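Work through the exercises below with the structure in view. Try each task before reading its solution.

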Amino acid sequence: MGCCSGRCTLIFLCTFQLMVALERQVFDFLGYQWAPILANFFHILVVILGLFGTIQYRPRYIVAYTVWTAVWVAWNVFIVCFYLEVGGLSKDSDLLTFNISAHHSWWSEHGPGCIRREIPASGDRSADAQSYISIMGCLLEYQYIEVLHSSFQILISLLGFIYACYVISVITEEEDSFDFIGGFDPFPLYHVNEKPSHLLLKPVHQSS
């Protein structure tokens with residue numbers, strides 16, 4: 001394959017996927033979103049594996065990347081449905097935090113234009129008193145920011161899936177053609193039967 005081919009495009013896509021996944025991991029950590037944190041962690045590992053396989057011509061690694069890409073698309077479709085509350089899902093539930101904590105998306109309080117105000121609880125003013133957080137003036141609601149993140153991930157993953165399948169097919173064809181001409185044949189195409197030197201120098205006895 002030439003440099004300006006599907007392989008180079010896949011290398012670029014994997015590199016870009018890695019940077020986008022790291023960016024998303026940071027914001028999921030800030031929001032204590034444990035399920036997305038684990039998913040992002042595995043995604044980063046598999047993308048690195050796919051990048052290594054693409055650079056080193058390892059089709060098995062690219063196959064693993066391709067399978068995971070399909071899973072990653074399904075996961076991001078679920079995230080989109082979760083924040084759009086499709087099919088009975090609720091964005092206010094603690095599903096993404098494994099019901100361990102009541103944290104939500106970091107963008108819910110730090111979105112573009114959002115003004116965060118803490119209103120102390122009435123009555124008890126002790127240090128343990130809970131306060132209510134009021135968010136106003138957001139230019140874009142946090143659920144739509146999460147949907148845009150996931151939609152972008154789906155788009156990149158679909159492109160990566162297509163180019164990964166193409167690269168696998170090309171590498172497989174090259175290996176098959178190389179094997180056909182004897183590149184992987186442990187025995188040479190032409191065998192020369194050579195007799196040991198002591199047999200060649202052995203005198204011939206003539207019968208009387």
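**Exercise 1.** Classify Cys8 and Cys14: is each buried or partly exposed?

*Solution.* Step 1: recall the scale, in which buried means under 20% relative accessible area, exposed means over 50%, and partly exposed lies in between (1.4 Å probe, protein chains only). Step 2: Cys8 has a relative accessibility of 23%, so it counts as partly exposed. Step 3: Cys14 has a relative accessibility of 0%, so it counts as buried.

A note on the numbers used here: the model is predicted, so local features need pLDDT of at least 70 and side-chain atom pairs count only at pLDDT 80 or more, while totals for chains, interfaces and linings use all residues. Residues are numbered from 1 along each chain as its sequence is written, and side-chain values use heavy atoms, with hydrogens and water left out.

**Exercise 2.** Find which cysteines form a disulfide, and describe the bond.

*Solution.* Step 1: a disulfide is a pair of cysteine sulfur atoms within 2.5 Å. Step 2: searching the whole structure gives one disulfide. Step 3: its partners are Cys114 and Cys138, with an S to S distance of 1.8 Å. Step 4: Cys114 sits in the loop between α4 (107-110) and β1 (115-120), and Cys138 in the loop between β2 (131-136) and α5 (142-180), so the pair ties together parts that are 24 residues apart in sequence. Step 5: the torsion about the S-S bond of Cys114 and Cys138 is about 125°, so this disulfide is right-handed. Step 6: Cys114 is buried at 17% relative accessible area, whereas Cys138 is partly exposed at 23%.

**Exercise 3.** State how many helices and strands the chain has, and give their order.

*Solution.* Step 1: helices (H or I, at least four residues) and strands (E, at least two) are DSSP runs, numbered from the N terminus. Step 2: the chain has six helices and two strands. Step 3: along the sequence they follow the pattern α-α-α-α-β-β-α-α.

**Exercise 4.** Two residues other than glycine, Tyr57 and Glu85, have a positive phi. Where does each lie?

*Solution.* Step 1: phi of Tyr57 is near 55°, and phi of Glu85 is about 60°. Step 2: Tyr57 is in the loop between α2 (34-55) and α3 (59-83). Step 3: Glu85 is in the loop between α3 and α4. Step 4: Tyr57 is partly exposed at 35% relative accessibility, and Glu85 is partly exposed at 36%.

**Exercise 5.** Describe the lining of the largest pocket.

*Solution.* Step 1: on a 1 Å grid over the protein atoms alone, a pocket is an open set of points where a 1.4 Å probe fits, with protein on both sides within 12 Å along at least five of seven lines; lining residues have an atom within 4 Å of a point. Step 2: 13 residues line the largest pocket, and His103, His104, Ser105, Ser108 and Glu109 lie nearest its centre. Step 3: α4 gives the most to this lining, with three residues.

**Exercise 6.** What share of the chain's residues count as buried?

*Solution.* Of the 208 residues of the chain, 33% count as buried. As for contacts in the chain with a separation of 6 or more, 63% are between residues 24 or more positions apart.

Note on methods
Contact = heavy atoms within 4.5 Å.
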